[in-house]
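Please look over the fold below. The report covers the sheet, then the pocket.

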Amino acid sequence: MSILLIGSTGFIGKYYSTYTRFRNVFKTSRKKKRKYIKFDITKNSIEEIINLYNIKKVVFFVSISNPDKCEAQKDYSTLVNVTKTKQIL
């Protein structure tokens, strides 16, 4: 079973990917990193990744969680935390 971990570079995502018992986990990052799939929730389509890697389950940890950053960048945080999250779900 292939699992896609979106938001694997965040605090909870790093912990999950380190301690998960599953071995066939594909991790994503907004930046190009070794052993990560480049995926930006605001720009890329998840369907391509799901089809390419035959993903069966998705674990979703993407969010802008810092209240100060949400306040300073209201439009961006709404896009990530609400709009794009709803589209993916």
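## Sheet and pocket

Strand 1 (residues 3–6) and strand 2 (residues 25–29) pair in the parallel sense, over three bridges. Strands pair if DSSP finds at least two bridges between them. Helices (H or I, at least four residues) and strands (E, at least two) are DSSP runs, numbered from the N terminus. The model is predicted: local features need pLDDT of at least 70, side-chain atom pairs count only at pLDDT 80 or more, and totals for chains, interfaces and linings use all residues. Residues are numbered from 1 along each chain as its sequence is written, and side-chain values use heavy atoms, with hydrogens and water left out.

| Residue | Bridge partner in strand 2 |
|---|---|
| I3 | V25 |
| L4 | F26 |

Strand 2 also pairs with strand 3 in the parallel sense, over two bridges. Here T28 stands opposite I37 of strand 3.

The open sheet has four strands in the order 3-2-1-4, with parallel pairing. Strand 3 (37–38) and strand 4 (57–60) stand at the edges with a single partner strand each, so one side of each has no neighbour in the sheet. Helix 2 (residues 46–53) packs on the sheet and touches strand 1, strand 2, strand 3 and strand 4. Contact means heavy atoms within 4.5 Å.

Now the pocket. The largest pocket has a volume of about 610 Å³. On a 1 Å grid over the protein atoms alone, a pocket is an open set of points where a 1.4 Å probe fits, with protein on both sides within 12 Å along at least five of seven lines; lining residues have an atom within 4 Å of a point. Volume is the space filled by probe spheres set on the points.

The largest pocket is lined by 24 residues; T9, G10, R30, V62 and S63 lie nearest its centre. Helix 1 supplies the largest share of this lining, three residues.

Methods:
Axes are lines fitted to C-alpha atoms, for helices over the stretch in contact, and angles run from 0 to 180 degrees between N-to-C directions.
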